[in-house]
Amino acid sequence: MTERPQLLVRGTTFAAIGAGGDISGVRGTAAALDGLFVRDARHLSRWQLTVDGAVPETLTPDGPDAGATDSVRCVLVPRGGRQEPPAYTLFREQAVVDGAFVELLRVTSNRPVPTRLRLALTVDADFTDQFELRADHRTYTKTGAVRSRRVLRDGDEKAEGPIQGIEFAYRRGGWTSRTTVSADPAPEAVEETGTGARRLVWTLDLEAHASADVALRVAAHPHGAPAPAEAPASPATAALQLSAAEAEFTEAVPLPQGWPELAAACTRGLADLAALQVPARGPDGEELRVPAAGVPWFLTLLGRDALLTSLFALPYLPRLAASTLPALAATQATESTDRPVAQPGKIVHEVRHGELAHFGQVPFGRYYGSVDATPLFLVLLGAYTERTGEVAQARRLEGHARAAVGWMLDHGGLTSRGYLVYRADEGGLANQNWKDSPGAICGADGSSASGPVMAAGAQGYAYDALCRTAWLARTVWDDKVYADLLAQAAADLRNRFQRDFWMADRAFPALALDGEGRQVDALASDAGHLLWSGLLDKEYGETVGRRLLEPDFFSGWGVRTVASGQGAYHPLSYHRGSVWPHDNALIALGLARYGLHDEARAVAEGLVAAAAADGGRLPEVLAGYERSVYPVPVPYAYGCARDARSAAAPLALLTAVGAG
């Protein structure tokens, strides 16, 4: 399997870079994806360095600069052997800021005599949409698309003035994007390569043991985005900017002194959350920053992900919720449309800014294929109001909250079917709960549920949403009639659920009900979400909580999405045997809610140990292998290496175990 690139992340921008600092423009898998990406498009697809026509070898591979999220360093030397010491050393330092990529390239002569070197950097920007780079091999027609390149010069661009850099541009109808590359010192020449890429060339004359620096800046100008701020002068300056942003997050959170590994996971997660903040707008057009879901594939607003991230962080960083709530209110559906499965009151699942979404070639420009984002919106609004005591947000968003309840009761299915229900969306998502991969909602034998699906976890969220909104109606909106209506709906849902979902022969709730009301009987981690939402009564909840810590469920790193020993189980599947940190964070919170504190501690210890194996960072997904058999956590091959829910999960663990 191809080695994963280094990821640099800041806001709407990320760079995936090879071990030697190059970008080769490969396609096909998350592990191999590389480039500079801004707002779903690749603004840099080649960035390849040669010296005297040869590719130097990597002496020290790309690695984080003191644990940074947005800067890396590597060291390169010419290829040679023991009898031929390197004539020069290349030191590369690279960083991203929102909308830009910067590099400082230092060339140091190792010779006692003057040396001349020809430095060349091959650069290209293909503006490929991220959906084209996925491993599903889909192709998309782009009628009328035109790419262009031009050399940037001082003064009149047609004159033979000094070269300043190169501009790559893309146009398709009214869609335009640009990438500019500049350097100091400027290249002495820009050469064509025959492939569309351009080669920037410098001749460096170095005295004995002397060094020369080349500062490089790449600015992305995506379609529809404001002009980027001026790129920082150096990667070091970029790193300082992010460090300041990280400090705003980490300094607000009291870390557990008695559990340093959990403290390290919280610190790492908070730093990642600082880097993953992306712009959004509220109902009145106000500018906001909200947590993006993750990189490389989801550096954008995803409703469910932003809501769960904000819920995990709520006791420590309520400002995430304060931005997420109005941002999602602003994108709430107001009418029914088939393609993005929008219905009045429904909270958005995904917002995309790329070319394919713009032209309707993928449905995700503003996509509503989520059965659980809407109840989670209500859960967060109630929890935020209760936690902070600040009622202005609840009053401001009252209309949005009532519309969300209306969706649950009407289009969502609570009134007609008794449960929140979803149907497969052709061209979109087949499954629309958090386990949204094909085949994720399945029986114990692995067979997929058929027809409309009523997923267990979503019913728990709906119950919690009704309870919390009833509380808001009673205490903030002064509407006792509405409060009583919602409280009764919640009680009825709880009674129905325990009647219809509980599998008495297995002492466990079904994963879902299918279109005929039959139990989908896989033993799955979603039962832990029912503890978090409080849907199960005390006896059932305690039974479920203890069952989740038995060996077929608990791998030692966390609770598997599907218990082993079933036909559905596969340790390297996305949702059928893997271990998800955010899933386990919800489970830990649920265990604590039902008084199962030893079990909550066991889940927290497993996740913290997994984080410690990667410098305190939890990935989106881990494989389901048993820790006692393989004592190193194995990441899922195609998950997000930076994930907002996983970044916030240590905060949820801190809440669950009350570590001091």
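Among contacts between residues at least 6 apart in sequence, what share joins residues at least 24 apart? In this protein chain, the figure is 67%. Keep in mind that we are looking at a predicted model.

Let me start with the whole chain. There are 15 helices and 27 strands. The radius of gyration is 26 Å, and the globule rule gives 26 Å for 660 residues, so the chain is as compact as a globular protein of that length. Now the outline. Along the principal axes, the C-alpha atoms fill a box of roughly 85 × 55 × 45 Å.

Next, burial and surface. Of the 660 residues, 60% are buried. The accessible surface comes to about 24800 Å². Carbon and sulfur atoms account for 50% of that surface.

Then charge. The chain carries 63 positive and 77 negative charges. How far apart are their mean positions? The answer is 2 Å.

Now some local features. I'll begin with a sheet. Three strands make up an open sheet, and the order is β22-β25-β26. The pairing is antiparallel. Which strands sit at the edges? They are β22, residues 454-455, and β26, residues 519-520. Each of these pairs on one side only. Strand β25 covers residues 512-513. Two bridges join β25 to β26, and these strands run antiparallel. If you want to find one of these contacts on screen, go to L513. Its bridge partner in β26 is Q519.

On to a single residue, V9. You will find V9 in strand β1, which spans residues 6-10. Is V9 buried or exposed? V9 has 1% relative accessibility; the cut-off for buried is under 20%, so V9 counts as buried. One distance from there. V9 and T108 are 99 residues apart along the chain, and their C-alpha atoms are separated by 29 Å.

Next, cis peptide bonds. I have two to show. One joins D184 and P185, with omega about 0°. P185 lies in the loop between β13, residues 175-184, and β14, residues 189-192. The other joins V295 and P296, and here omega is about 15°. Where is P296? P296 is in the loop between β19, residues 294-295, and α3, residues 303-313.

Last topic: positive phi in residues other than glycine. Take V341. Its phi is near 45°. V341 sits in the loop between α4, residues 318-330, and β20, residues 350-351. The relative accessible area of V341 is 18%, so V341 is buried.

Then take D478. Phi of D478 is near 55°, again a positive value in a residue other than glycine. D478 belongs to the loop between α9, residues 456-475, and α10, residues 480-500. Why does D478 count as exposed? Exposed means over 50% relative accessible area, and D478 has 70% relative accessibility, so D478 counts as exposed.

To recap. The predicted chain has 15 helices and 27 strands, and 60% of its residues are buried. For a closer look on screen, stops include the β22-β25-β26 sheet, the cis bond joining D184 and P185, and the cis bond joining V295 and P296.

Note on methods:
Residues numbered from 1 in each chain as written. Predicted model: local features only at pLDDT ≥ 70, side-chain atom pairs only at ≥ 80, totals over all residues. Heavy atoms only, no water. Helix = DSSP H or I, 4+ residues; strand = E, 2+ residues; numbered from the N terminus. Rg over C-alpha atoms; globule rule 2.2 N^0.38 Å. Buried < 20%, exposed > 50% of the residue type's maximum accessible area, 1.4 Å probe, protein only. Contact = heavy atoms within 4.5 Å. Areas by Shrake-Rupley, 256 points an atom, 1.4 Å probe, with all protein chains shown as cover. Lys, Arg positive; Asp, Glu negative; His and termini not counted. Charge placed at Lys NZ, Arg CZ, Asp CG, Glu CD. Pairing = 2+ DSSP bridges.
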